[in-house]
Every structure is written in structure tokens, then in C-alpha cells.
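This report describes selected features of the structure shown below, from the overall fold down to single residues.

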Amino acid sequence: MRNPVKAPVDTMLRGLPIKAQNEIHKTLDNVGTMLSVQNPKVAASMAPSAMRGMVLGEGKHGDHVDMKAHHSAHYTLSYQGDFVEMYELYRRAVSKQWDGDGDLPWGLDVSPDNPDAQILPRSFVPFDAVEGFGVKLTALEERRLTWDVAAWMLSQFMHGEQGALYAAAQVTECVQWMDGKLYGATQVMDEGRHLEVFLRYLDTKLEKIYTVNDNLFIIIDDLMTDGRWDIKFLGMQIMIEGLALGAFTTMFQQTREPLLKQLLKMVIQDEARHVHYGVLALREHITKNISERERREREDWAYEVALLMRNRFKMREVYEEWFSHKVSLKTWDEEMMRSPSMLKFRSIMFERLIPNLEYIGLMSDRIKDHYEKSGLTQYLGGKNATQLTEDDLTVESDDDELPAEVRELAG
Ligand SMILES: [Fe+2]
Ligand SMILES: [Fe+2]
């Protein structure tokens, strides 16, 4: 159906230079993002972070950002073992620590010109759309663009890892379980190592780092500054880690570059524990410690953040570098939403996320209706983090085939 608001905007944009069109599109898109958050409480809690990320662009300037944290540290006096499964996860994490320097083959040569070790397959980049823009790329330029797309994704992973490092440290202070604190200490180490290896790969192999995506910045800023530990926990351990697991798995299955493949495999095995810990802690907390009103609030928050994450990763920094002279940002955004590789990525992300939300008690019939309307209930009943082993998550994919529902969406 024709959107009555969209049509006049399209008419208004027509004929303007691309740069002016892009500015208008960005403003409308930012406003649209905040309006798309339907729950007023969730919108109000995110507004300061949205202001810092989208309007002030704090993630794009200077060499650091101060995010004011104000949570309570829970200092235990009992020192009692209090959560057997968390303690077992802690022991497993201790025995599976690895060395980001010595355990990866850093000596391998990584180059965009090596067709036998492609960092991502050609199918990952929407070259059909690029052709539709009227841009003709040589074979070498195609490989360079693919390389930049990989650098963009890995840069976002690295920014996310920095957020995960601080969130893991904060949550370790906040949780009430002694065994959760022990486990949390291993996660802080894991996230530090992830930051180390992604940074080293970008810096010494791809020799390129992109700035943090505005939407990722908003979610991280929101989590750092929210004083409620379980919202921090839900946001980082379930939503962002779930997103990261989906993204890592997609890239792990598709890359033919051996160093990156090994790096991602090691990181995925750690992340599987992180999400497992998150669902254990939150299920206990949500089903036993909080009121129905508080549970609903968290359920609404998770739903809105899930939709924000689904719709907001469009590689705009890559667009600025490669295509901003040729097509408008709006056209690029539309192509990104249709791109088969992005559809696959989103599908894997929700396949991980929805069963976890169900397991921790944030999928009542009331909210299921919303997920239904957003076309996401197909993932209900899937395996949650307590049922997935590290090996399940690092199964090799034989081909680059898209799942049936993704092919359908891709048309
Ligand atoms: Fe991590
Ligand atoms: Fe993690």
C-alpha cells in the first residue's frame, strides 16, 4: 500500500543534490527511529542515549566518550556457594581460557588479492544493487569493496566487544550470586581478549577501522548508563550477545580466510558461555524476584530493542566511502534492508534471540502478538542457550544457501 507520508517526501527530495537529499533522509530517519519505539517508557529511557548518539554524534568525534554509570555494587558478606550451574560454567570458563596471541596463526598472510582465502564470498555483498546504481566495478575493486564490508562488520564487532567488557565488569559488581561473581570475572577476561584479537586483526591485517555505528552506540550508551542491573544484563548478555553470536556465526560459516575463521571459532565458544550465563541468571531473577509490572516493563524493552537492532545496521560508513557520489542514502538503505546476506544475518540473530527470551520469561501471550505482527514468531520453540553446545554453534555450513524463509523475503 502506498504510504501517504512517504510520497510527498519522495517528491520533495527529487531534484535536490544527493548531499542535501541525504541530510533530509538522515533527519527523517532519526525521527522515525524514535517514533518507531512504540512504548513511551522505553522511548523515554532511551531518549538521552539517542540524543548523544544520533543528534550529537558522540560516537564519531574525539578520542573517547564519558558515559556516566550509576549502579549499586552488591558486596557479599556470606561467601556461600549459591548457584551450582553458574559455578560449573565458571569452572568450564577457567579451563577453556586461551591466549589471543599464542593460540592464533597471526603469521598468516591476509590479502584481498588471494582468491583462495576470500574474507567473505562475493555473494555477501549486494553487487546486483551496486550495478543498479550504475556503478561498474573491476574485479579488483569488487574484492576491495568486499574487504571493506568485512572491515566494517569486524569494526562493529570490536566496538561491541569494548561495550561487552565494561558491561561484564559492571554486572559482576551488581549480581547477588557469589558464583555469578566468580563466573563474571572470567567473562571480563574473555571480553578483554576479544577486544584484543579484533583490534589486532583490523589494525595489522585489514589496516582499516570504521567508527562505531550510531545505533550500536545508542544501545551501548543506554546500557552503560542504566542503573538497573537486570536491564544491563538483559541488554548485554541476551540482546547484544545474541546479535553478536548471530553475526559471528554468519561470518564464521562464510569466510575462507583461515586466521579469521579460527579467531571467530574461539570467540564463538566463549560467547556461547556468556549467553548461557545470561539466561540462567535472568530466568532465576525474572521468574522469582520481580513483580509482574517490572516483568512487563522488561518484556516491552526487549521487544523494542530487538526491532531497533533488526532495522538499523545498514553499513552507511561503507556507503559514504564508495557510493555517496552516485546514489542517495535512502536508496542505499532500502537496498541494505533487502540484501540477502543481511536477511540471513537477521534470521540467524532472531533464531538465537527469541528462544532465549522465551526461556527467561519475557514472552507472554501479550507480547507474542507484537512479535507475531513483526513476523518473528517462527523462531519460538527453538533451542535456547542452555540447550546449545559450543560445537552446535561452530558447525561448518556446506554451502552459502539461504534459509527458505530468507529466500522468500529476498524475493
Ligand atoms: Fe565478546
Ligand atoms: Fe560476550
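Where is the place of Met-315? Met-315 sits in the loop between helix H11 (292-311) and helix H12 (316-322).

## Basis of the model

This is a predicted model, in which local features need pLDDT of at least 70 and side-chain atom pairs count only at pLDDT 80 or more, while totals for chains, interfaces and linings use all residues. Residues are numbered from 1 along each chain as its sequence is written, and chains are lettered from A and ligands numbered from 1 in the order in which they are written.

## Overall fold

The protein chain contains 17 helices and zero strands, where helices (H or I, at least four residues) and strands (E, at least two) are DSSP runs numbered from the N terminus. Of its 411 residues, 40% count as buried; a residue is buried if 20 or more other C-beta atoms lie within 10 Å of its own, exposed if 12 or fewer, and partly exposed in between, with C-beta atoms placed from the backbone.

## Helix H4 and its two sides

Helix H4 (residues 84-95) has twelve residues and reaches 17 Å from its first C-alpha to its last, close to the 16 Å expected at 1.5 Å a residue, the expected span being 1.5 Å times one less than the number of residues. Its buried residues are Met-86, Leu-89, Tyr-90 and Ala-93, and they cover an arc of only 105° around the axis, which puts them on the same side of H4; the arc is that of the directions from the helix axis to the C-beta atoms.

These buried residues pack against helix H7 (178-206) and H10, with two residues in contact if their C-beta atoms, placed from the backbone, lie within 7 Å. The face turned away from the buried side carries the exposed residues Val-84, Glu-88, Arg-91 and Ser-95. Glu-88 has 12 other C-beta atoms within 10 Å, and its C-alpha atom is separated by 9.0 Å from that of Asp-179, 91 residues apart along the chain.

## Two loop residues with positive phi

Tyr-79, in the loop between helix H3 (40-55) and H4, has a positive phi of about 55° although it is not a glycine. Met-315 likewise is not a glycine and has a positive phi, of about 50°. Their surroundings are as follows: Tyr-79 counts as exposed, with 7 C-beta neighbours inside 10 Å, whereas Met-315 counts as buried, with 23 C-beta neighbours inside 10 Å.
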